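Please look through the structure shown here and follow one chain from a single residue out to its overall form.

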Amino acid sequence: MDARLAEEVRMTLYRYARAVDDRELDTLAALATDDVELRRVDGLHTGREAFLRIYRDFFASEVDWSRHLVTNIEVEGDGDRASTRAYFEAAMTAGAASWLVFGEYRHELVRTGETWQFRRKTIDVQRKIDVVKA
């Protein structure tokens, strides 16, 4: 994969992270194919509606604020398909509670026109640290 295409894929991941933090469901819908698969600790969720339901549930949760940072993005693929591996950190607050979440994302993306969409997405949470506020 050439550098320009790899950068397009990286920007798609950053766009995803911002959409989660900014509660942009329309952006998340545009990032998923109709047959997207989202694998998390609670199982496999198949299809765009199931993908979006996960985020609707998160947006309706008690989390007041979140900020995701995506780092160490590795990209492989050709002009129409890409596989990525990336690490993430998420800072979140809910009322007086605050915590940090660390994990790994894996994606398979496909090019649709001028954009990239998720065909498969795996979220692997590796650590969660509760932060005690003074």
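## A buried histidine and its surroundings

His68 is buried, with a relative accessible area of 9%, where buried means under 20% relative accessible area, exposed means over 50%, and partly exposed lies in between, using a 1.4 Å probe and protein chains only. This is a predicted model, in which local features need pLDDT of at least 70 and side-chain atom pairs count only at pLDDT 80 or more, while totals for chains, interfaces and linings use all residues. Residues are numbered from 1 along each chain as its sequence is written, and side-chain values use heavy atoms, with hydrogens and water left out.

His68 lies in strand E3, which covers residues 65-77; helices (H or I, at least four residues) and strands (E, at least two) are DSSP runs, numbered from the N terminus. When neighbours within four places in sequence are left aside, the residues in contact with His68 include Ala17, Arg18, Val20 and Asp21, as well as Phe88, Glu89, Ala90, Met92 and Tyr105, contact being defined as heavy atoms within 4.5 Å. Not counting residues up to four places away in sequence, Arg18 touches Arg67 and His68. Arg18 and Glu104, by contrast, are 86 residues apart in sequence and 17 Å apart in space, C-alpha to C-alpha.

Strand E3 also holds Val75 and Asn72. Val75 is buried, with a relative accessible area of 17%, whereas Asn72 is exposed, with a relative accessible area of 56%. The C-alpha atoms of Val75 and Glu108, which are 33 residues apart along the chain, are separated by 9.8 Å.

## Two positive phi values

Most residues other than glycine have a negative phi, and most peptide bonds are trans. Asn72, although it is not a glycine, has a positive phi of about 50°. Arg23, again a residue other than glycine, has a positive phi near 60°, and its place is in the loop between H1 and helix H2 (25-30).

The table below collects the accessibility of several residues.

| Residue | Relative accessible area | Class |
|---|---|---|
| Arg23 | 25% | partly exposed |
| Thr27 | 16% | buried |
| Gly79 | 30% | partly exposed |

Thr27 has its place in helix H2, and, with neighbours within four places in sequence left aside, it is in contact with Arg15 and Ala19. Thr27 and Tyr16 are 11 residues apart in sequence, and their C-alpha atoms are 7.7 Å apart in space. Gly79 is found in the loop between E3 and strand E4 (81-94). Leaving aside its neighbours within four places in sequence, Gly79 is in contact with Leu5, Arg111 and Trp116; Gly79 and Arg111 are 32 residues apart in sequence but 7.6 Å apart in space, C-alpha to C-alpha.

## How two helices pack

Two packed helices are described by the angle between their axes and the distance between the axes. Helix H1 (residues 3-21) and helix H3 (residues 48-59) pack at an angle of about 45°, with their axes 10 Å apart. That angle makes H1 oblique to H3, since angles under 35 degrees count as roughly parallel, over 145 as roughly antiparallel, 65 to 115 as roughly perpendicular and the rest as oblique. The axes are lines fitted to C-alpha atoms, for helices over the stretch in contact, and the angles run from 0 to 180 degrees between N-to-C directions.

Where do H1 and H3 meet? Tyr16, Ala19 and Val20 in H1 meet Tyr55, Phe58 and Phe59 in H3. The residues of this contact divide into 6 nonpolar, no polar and no charged, where Ala, Val, Leu, Ile, Met, Phe, Trp, Tyr, Cys and Pro count as nonpolar, Asp, Glu, Lys and Arg as charged, and the others, Gly among them, as polar.

## The chain as a whole

The secondary structure of the chain comes to 3 helices and 6 strands, and from the N terminus on the elements run α-α-β-β-α-β-β-β-β. Buried residues make up 41% of the 134 residues. Among contacts between residues at least 6 apart in sequence, 57% join residues at least 24 apart. Along its principal axes, the C-alpha trace spans about 50 × 30 × 25 Å.
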